[in-house]
Amino acid sequence: MARFLVVGGFSFLFDIGLLWLLHEAFGIPLAISTPTAFLMSFVVTYTLQRTVAFRSSEGVAPSALRYTILVAVNTVATTLIVAASDAIGLPWAVGKVAAVVATTVWNYFLYRYWVFAKRDVDD
């Protein structure tokens, strides 16, 4: 779990830094910059979670497919949470942190038992 949290922390910094750059520096609306930053962090997060946190030896394709499905769900959830935060007058960063807390909880279990789960040879 410690490796998962360290990798997740790094991934969060990458994601929120990119979101800040897109939205604050370049003026891209949150509805576009939030999912863009989240999706751009896809490769970084997947690679680090697969190799560092869960040390998966499974082929890339099966776990990448499961991870892609989870990323799609997380992208929608993150975008909705950030938009809701902004709509009620809170800073977008508050919504982003709330989304990260929510997704971190379910991601750990889904990574461990579904995305990077050790499979029997017969699977």
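Tyr67 and Tyr111 are both buried, where buried means under 20% relative accessible area, exposed means over 50%, and partly exposed is in between (1.4 Å probe, protein chains only). Before going on, a word on the source: this is a predicted model, with local features needing pLDDT of at least 70 and side-chain atom pairs counting only at pLDDT 80 or more, while totals for chains, interfaces and linings use all residues. Residues are numbered from 1 along each chain as its sequence is written, and side-chain values use heavy atoms, with hydrogens and water left out.

A pair of aromatic rings is described by the distance of the centres and the angle of the planes. The rule here is that rings of Phe, Tyr and Trp (its six-membered ring) pair if their centres lie within 6.5 Å; planes under 30 degrees apart count as stacked, over 60 as edge-to-face, and the rest as tilted. Searching the whole structure gives 13 aromatic pairs. For Tyr67 and Tyr111, the ring centres are 5.8 Å apart and the planes are at 40°, so this pair is tilted. Tyr67 belongs to helix α4 (residues 60–87) and Tyr111 to helix α5 (residues 92–115), so the pair ties together parts 44 residues apart in sequence. As for the naming, helices (H or I, at least four residues) and strands (E, at least two) are DSSP runs, numbered from the N terminus.

Next, the cores. In soluble globular proteins, nonpolar side chains tend to be buried together. A nonpolar core here is a set of buried Ala, Val, Leu, Ile, Met, Phe, Trp, Tyr and Cys residues joined through side-chain atoms within 4.5 Å. The largest core has 13 residues, and those touching the most other members are Phe4, Ala53, Phe54, Tyr67, Tyr111, Val115 and Phe116. At least two residues of this core come from each of α1 (2–25), α3 (42–53), α4 and α5. A second, separate core has 8 residues, among them Leu22, Leu30, Ala37 and Trp92.

Val115 is worth a look on its own. Not counting residues up to four places away in sequence, Val115 touches Glu58, Ser63, Arg66, Tyr67, Leu70 and Leu110; contact means heavy atoms within 4.5 Å.

Now helix α2 (residues 30–40). Its buried residues are Leu30, Ser33, Thr34, Pro35, Ala37 and Phe38, and they pack against α1, α3, α4 and α5. Take Ser33: with a relative accessible area of 1%, Ser33 is buried. Apart from neighbours within four places in sequence, Ser33 is in contact with Leu19, Leu22, His23 and Ile28. Leu21, in helix α1, is partly exposed at 33%. The C-alpha atoms of Leu21 and Ser33 are separated by 8.9 Å, and the two residues are 12 apart along the chain.

On to charges. Side chains of opposite charge can pair when their charged atoms come close. A salt bridge is a side-chain nitrogen of Lys or Arg within 4 Å of a carboxyl oxygen of Asp or Glu. How many salt bridges does this rule give? The count is 1. The side chains that meet in a salt bridge are those of Asp15 and Lys96, at 2.5 Å, N to O. Asp15 lies in helix α1 and Lys96 in helix α5, so this pair ties together parts 81 residues apart in sequence. Is the pair buried or exposed? Both Asp15 and Lys96 are buried, with Asp15 at 5% relative accessibility. Besides Lys96, Asp15 is in contact with Ala37, Phe38 and Ser41, leaving aside neighbours within four places in sequence.

Last, the outside. Leu65, Ile69, Trp106, Leu110 and Trp114 form a nonpolar patch on the surface, with about 440 Å² of accessible area together. α5 gives the most to this patch, with 3 residues. Ile69, in helix α4, is partly exposed at 45% relative accessibility.

Arg55 sits in the loop between α3 and α4 and is exposed, with a relative accessible area of 55%. Arg55 has a positive phi of about 45°, although it is not a glycine.

Terms used: Patches are made of residues with over 30% relative accessible area and no salt bridge: like charges are joined within 9 Å, nonpolar side chains (Val, Leu, Ile, Met, Phe, Trp, Tyr) within 5 Å. Accessible areas come from the Shrake-Rupley method with a 1.4 Å probe; for residues, only the protein chains shown count as cover.
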